[in-house]
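Please look through the chain below from one end to the other.

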Amino acid sequence: TILRREVYAREVAIGVADERRIISGTNLAGSLMNLGFCDESTALLRDQLLPVARRSLGANHRLTLSLSHNLSANLQFDPESTRDDLLEAETILQDVVQRRRR
């Protein structure tokens, strides 16, 4: 995870905003979630990766949809999730399903 953080931080520092950076960030978010850093993983997905993916790839791109799905999963499987978090996860997942059908 330290290496993934370093790779992602360097890509952010040099301004890389392509699929490679987004995939690096996705890998980091997954590692953080697996290690129990749910809040940090969710924040990375919600605040950094999804906005970049939407801007650079578009809302219906497969990677953007995958990030949204991952955010939904984070919200569902975080042991500290609230009812509002679970409702948000459901809303996100419904949106992903609709977009994938297009």
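α4 and helix α5 (residues 83-101) pack with their axes 8 Å apart, at an angle of about 155 degrees. Axes here are lines fitted to C-alpha atoms, for helices over the stretch in contact, and angles run from 0 to 180 degrees between N-to-C directions. The angle makes α4 roughly antiparallel to α5; angles over 145 degrees count as roughly antiparallel, under 35 as roughly parallel, 65 to 115 as roughly perpendicular and the rest as oblique. α4 and α5 cross in a left-handed way, where left-handed means that the near helix is turned anticlockwise from the far one by less than a right angle, and right-handed that it is turned clockwise. On the α4 side the contact is made by Leu65, Ser66, Ser68, His69, Leu71, Ser72, Leu75 and Gln76, and on the α5 side by Asp85, Leu86, Glu88, Ala89, Ile92, Leu93, Val96, Arg99 and Arg100. Contact means heavy atoms within 4.5 Å. By type, the residues of this contact of α4 with α5 are eight nonpolar, five polar and four charged. Ala, Val, Leu, Ile, Met, Phe, Trp, Tyr, Cys and Pro count as nonpolar, Asp, Glu, Lys and Arg as charged, and the others, Gly among them, as polar.

This is a predicted model, in which local features need pLDDT of at least 70 and side-chain atom pairs count only at pLDDT 80 or more, while totals for chains, interfaces and linings use all residues. Residues are numbered from 1 along each chain as its sequence is written, and side-chain values use heavy atoms, with hydrogens and water left out.

The protein chain has five helices and zero strands. Helices (H or I, at least four residues) and strands (E, at least two) are DSSP runs, numbered from the N terminus. Of the chain's 102 residues, 34% count as buried; buried means under 20% relative accessible area, exposed over 50%, and partly exposed in between (1.4 Å probe, protein chains only). The chain exposes about 6300 Å², of which carbon and sulfur atoms supply 51%. Such areas come from the Shrake-Rupley method with a 1.4 Å probe, and for residues only the protein chains shown count as cover. Among contacts in the chain with a separation of 6 or more, 52% come from residues 24 or more positions apart.

Helix α4 also packs against α3. The axes of helix α3 (residues 38-56) and helix α4 (residues 62-77) come within 10 Å and cross at roughly 165 degrees. That angle makes α3 roughly antiparallel to α4, and α3 passes α4 in a left-handed crossing. From α3, Ser41, Thr42, Leu45, Arg46, Leu49, Leu50, Ala53 and Arg54 take part, and from α4, Thr64, Leu67, Ser68, Asn70, Leu71, Asn74 and Leu75. Seven of the residues in this contact of α3 with α4 are nonpolar, six polar and two charged.

Threonine 42 is in helix α3 and is buried, with a relative accessible area of 7%. Not counting residues up to four places away in sequence, threonine 42 touches Leu71, Asn74 and Leu75. The C-alpha atoms of threonine 42 and leucine 75 are separated by 7.4 Å, although the two are 33 residues apart along the chain. Arginine 46, also in helix α3, is partly exposed, with a relative accessible area of 33%. Leaving aside neighbours within four places in sequence, arginine 46 is in contact with Pro51, Leu71, Leu75 and Glu88.

A further partner of α4 is α2. Helix α2 (residues 19-34) and α4 pack at an angle of about 15 degrees, with their axes 11 Å apart. α2 and α4 are therefore roughly parallel to each other, and their crossing is left-handed. Glu19, Ile22, Ile23, Thr26 and Met33 in α2 meet Arg62, Leu63, Leu67, Asn70, Asn74 and Phe77 in α4. The contact of α2 with α4 comprises six nonpolar, three polar and two charged residues.

What lies in the loop between α3 and α4? Asparagine 60 lies there, and at 43% relative accessibility it counts as partly exposed. Asparagine 60 touches Leu65, Arg99 and Arg102, not counting residues up to four places away in sequence. The C-alpha atoms of asparagine 60 and glutamine 98, 38 residues apart along the chain, are separated by 9.9 Å.
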